[in-house]
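Subject: A structure for you to look through

Dear colleague,

I am handing over the structure below, and I would ask you to keep it open while you read the notes that follow it.

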Amino acid sequence: MKNSFRNFIMMAFAIFILSGSSSLLISCYGDGVDPALEVETIVADFTGNDAVSVDRYGNVYVSEYGQFTNTGGNGTRVFKVTPDGDVTEFIDGLTGPLGNAIDADGNFYVNDANNTVSGNVVKITPDGIRSVLATIDGWPSGMTLDDHNNIYVSNFLTPTVHKITPNGEVSVYASDPKLAGGVGIDFDYKGNLIVGNFSTADIVSIDKTGTVSLLATIPDIVVNGFGIGYITVVRNSVFATGIGVNKIFRVTLNGTIEEFAGTGDALVSDGLLEKASFNGPNGITTDLYGKTIYISEFGGTRALRKIELID
């Protein structure tokens, strides 16, 4: 849903630009991004610390991976946050849930029961029926959907991205050494899969034939094995969370890297992009229009944050 709807919006946006009517600001931060943007806290003291998805109504879903213990996370829930900031437990009874995605029909997907050997891709229907859609070897982590509700799953332990059809048929979409350590995953406007590597801070692109190429490596951000948390693609940019350095980075699709937000201090502090602080920024996504970025945090005192890209 996110990607098909986003492709439509991108085409409309391009027509809008050509008409000369755009009100977006062009700045040192790149096309369509205003340096006067601010980071805001939606929910304080929030235990949702992993992947983030947004449905068509603007509700935000955040996985609670928790902290790593033994062979997986000790979190058990996925939270739902309304546009007004009301928080409810959307799903419980999970084991260290990683990644998530929601399709146009309201079916929710999450990686569950990761134990460093395998993990389950769980589907929850709008009426609450829960089923294991597929089991994937390794450590399945992030996920995204294409226009046909096929799921693409990155893997922290194996050098693969798997594709799962709505019927649960599993295949290897891409295999390359650069994919080991992959977590964040999203489509760009050309239909390429973009994967952020948690361990190396590489950002790679996978074309429609499954060929993997290096887009960029964000330098000097890997701290104790923590590099890129998750990524999201907005128009011509990849936004990546620097979980170990408490910053958000922007990488253009031609490989230009810049610091986008955060002082680097491990704090929950709102304000202008360059003055705000994050505490282990981890999950990141946008709404269906690419208007608002949402960020979860992995640090001890954390919150759900947002950045409005377009007025």
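Two rings of Phe, Tyr or Trp (for Trp, its six-membered ring) are called a pair if their centres lie within 6.5 Å. Please keep in mind that this is a predicted model.

In one of them, the rings of Phe 46 and Phe 79 have centres 5.3 Å apart and planes at 55°, so the pair is classed as tilted. This pair links distant parts of the chain, since Phe 46 sits in the loop between strand S1 (38–44) and strand S2 (52–54), while Phe 79 belongs to strand S6 (residues 78–81), 33 residues apart. Both Phe 46 and Phe 79 are buried.

A further pair is formed by Tyr 152 and Phe 187, whose ring centres are 5.2 Å apart and whose planes stand at 90°, so this pair is edge-to-face. Here too, distant parts of the chain are linked, with Tyr 152 in strand S13 (residues 151–155) and Phe 187 in strand S16 (residues 182–187), 35 residues apart.

Which residues do ring pairs link into a cluster? They are Phe 68, Trp 139, Phe 156, Phe 198, Phe 226 and Phe 298.

Next come the strands. Strands of a sheet pair through backbone hydrogen bonds, and they do so either parallel or antiparallel. In this model, an open sheet of 4 strands has the order S2-S3-S6-S7, and its pairing is antiparallel. The edges are taken by S2 and strand S7 (87–91), each of which has a single partner strand, so one side of each is left without a neighbour in the sheet. On average, and with direction ignored, neighbouring strands of this sheet are turned by 30° against each other. Between S2 and strand S3 (residues 60–63), which run antiparallel, there are 3 bridges, and Val 52 has Val 62 in S3 as its bridge partner.

Finally, please look at Pro 35, which is found in the loop between helix H1 (2–18) and S1. Is Pro 35 buried or partly exposed? With a relative accessibility of 37%, Pro 35 counts as partly exposed. The C-alpha atom of Pro 35 is separated by 8.4 Å from that of Glu 274, although the two residues are 239 residues apart along the chain.

Notes: Residues are numbered from 1 along each chain as its sequence is written. This is a predicted model: local features need pLDDT of at least 70, side-chain atom pairs count only at pLDDT 80 or more; totals for chains, interfaces and linings use all residues. Side-chain values use heavy atoms; hydrogens and water are left out. Rings of Phe, Tyr and Trp (its six-membered ring) pair if their centres lie within 6.5 Å; planes under 30 degrees apart count as stacked, over 60 as edge-to-face and the rest as tilted. Helices (H or I, at least four residues) and strands (E, at least two) are DSSP runs, numbered from the N terminus. Buried means under 20% relative accessible area, exposed over 50%, partly exposed in between (1.4 Å probe, protein chains only). Two strands pair if DSSP finds at least two bridges between them. Axes are lines fitted to C-alpha atoms, for helices over the stretch in contact, and angles run from 0 to 180 degrees between N-to-C directions.
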